[in-house]
Amino acid sequence: MVMEPRLQASEEAIAHLSRAVDELSEVVARQQREIDVLTRRVAMLMQREAERETEGGGTIPLADQRPPHW
């Protein structure tokens, strides 16, 4: 059976778009994993710095203080 050229072109376009969507989905998933790792690292560093500030001066950590212009 011979397909119409327009139908064949449409099916090819759909196949290419499906492949592109799959590739982009993989990219987004990888980026989300990286964001999760970086978020955990930032939280850990902020906790460490807050502990260091508390141990150093016995005052409220600077991250929790309001800036002077407020």
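1. A residue is called buried when its relative accessible area is under 20%, exposed when over 50%, and partly exposed in between. By that reading R30, with a relative accessible area of 37%, is partly exposed. The model is a predicted one, and the values discussed here should be read accordingly.

2. As for the overall fold, the chain has one helix and zero strands. Of its 70 residues, 1% count as buried, and the accessible surface of the chain comes to about 6,800 Å², with 60% of that area belonging to carbon and sulfur atoms.

3. The structure holds three salt bridges, which can be taken in turn. R30 pairs with E34, their closest N and O atoms being 3.1 Å apart; the two residues are four apart in helix 1, so about one helical turn separates them. E34, at 41% relative accessibility, is partly exposed.

4. R19 forms a salt bridge with E23, with 3.2 Å between the closest N and O atoms. Because these residues lie four apart in helix 1, which covers residues 5-57, they are separated by about one helical turn. R19 is exposed, at 55% relative accessible area, whereas E23 counts as partly exposed at 43%.

5. The remaining pair to consider is E49 and R52, a salt bridge in which the closest N and O atoms are 3.1 Å apart. Here the spacing in helix 1 is three residues, and the separation is again about one helical turn. E49 is partly exposed, with a relative accessible area of 34%, while R52 is exposed at 54%.

Key:
Residues are numbered from 1 along each chain as its sequence is written. This is a predicted model: local features need pLDDT of at least 70, side-chain atom pairs count only at pLDDT 80 or more; totals for chains, interfaces and linings use all residues. Side-chain values use heavy atoms; hydrogens and water are left out. Buried means under 20% relative accessible area, exposed over 50%, partly exposed in between (1.4 Å probe, protein chains only). Accessible areas come from the Shrake-Rupley method with a 1.4 Å probe; for residues, only the protein chains shown count as cover. A salt bridge is a side-chain nitrogen of Lys or Arg within 4 Å of a carboxyl oxygen of Asp or Glu.
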